[in-house]
Amino acid sequence: MKLLLLNGPNLRLLGTREPDIYGSFTLDDAVALAKTTAEKLGASLDAFQSDIEGELVSAIGQARGIYDGIVINPAAYTHTSVALRDAIAGVGLPTVELHISNTHKREAFRHVSYTAPVCVAQLQGFGLTGYALAVEGLVAYLKQN
Ligand code: DQA
């Protein structure tokens with residue numbers, strides 16, 4: 001089983017970015033946790049981060065035939081991107097949407113997700129642990145479906 005972890009804009013800044021909201025862990029920490037979680041469950045995981053919407057759209061489009069499922073933290077594009085929503089719907093790979101913070105406790109513009117309706121699940125508010133939980137959930141989903 002091969003999984004793809006995608007992280008969107010500004011997540012490269014984790015560790016120093018608004019630590020009161022996102023904690024002090026780095027993107028490398030999150031990727032390492034996702035990878036070790038996947039490996040413990042007998043899966044492999046590749047990770048890609050981009051600040052550029054089109055690069056994330058391309059990564060999703062190119063995943064078909066290579067990956068069995070996707071975990072994505074679309075970051076700010078969650079709340080704006082029809083293109084990412086269409087990419088997830090179009091590629092047809094089971095996808096879990098992940099957020100470090102609980103967006104429903106934050107500004108109203110973060111309460112809407114363009115991408116969640118085309119994902120199998122949305123997970124948010126668990127900080128770094130979410131990267132392990134999202135992988136566990138996706139692997140369990142893929143084994144059942
Ligand atoms: C985020 C939440 C988004 O609203 C925000 O734009 C991010 C990070 C999260 O992981 O909590 O960049 O996706």
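The model is predicted.

| Residue | Protein atom | Distance to a ligand oxygen atom |
|---|---|---|
| Arginine 17 | polar side-chain atom | 3.0 Å |
| Histidine 79 | side-chain N or O atom | 2.7 Å |
| Isoleucine 100 | backbone N or O atom | 2.7 Å |

On its own, the ligand has 320 Å² of accessible area, and the protein covers 99% of that. Arginine 17 and histidine 79 reach a ligand oxygen atom through their side chains.

Now the backbone angles. Most residues other than glycine have a negative phi. Asparagine 10 has a positive value, with phi near 75°. This asparagine sits in the loop between β1 (2-7) and α1 (19-22). Is asparagine 10 buried, partly exposed or exposed? Asparagine 10 counts as partly exposed, because its relative accessibility is 34% and that class runs between the 20% limit for buried and the 50% limit for exposed.

Glutamate 18 also has a positive phi, near 35°. Its place is the loop between β1 and α1. Glutamate 18 counts as partly exposed because its relative accessibility is 39%.

Methods:
Residues are numbered from 1 along each chain as its sequence is written. This is a predicted model: local features need pLDDT of at least 70, side-chain atom pairs count only at pLDDT 80 or more; totals for chains, interfaces and linings use all residues. Side-chain values use heavy atoms; hydrogens and water are left out. A polar contact is a pair of N or O atoms within 3.5 Å; within protein, one must be able to donate a hydrogen and the other to accept it, and residues adjacent in sequence count only if both atoms are side-chain atoms. Accessible areas come from the Shrake-Rupley method with a 1.4 Å probe; for residues, only the protein chains shown count as cover. Helices (H or I, at least four residues) and strands (E, at least two) are DSSP runs, numbered from the N terminus. Buried means under 20% relative accessible area, exposed over 50%, partly exposed in between (1.4 Å probe, protein chains only).
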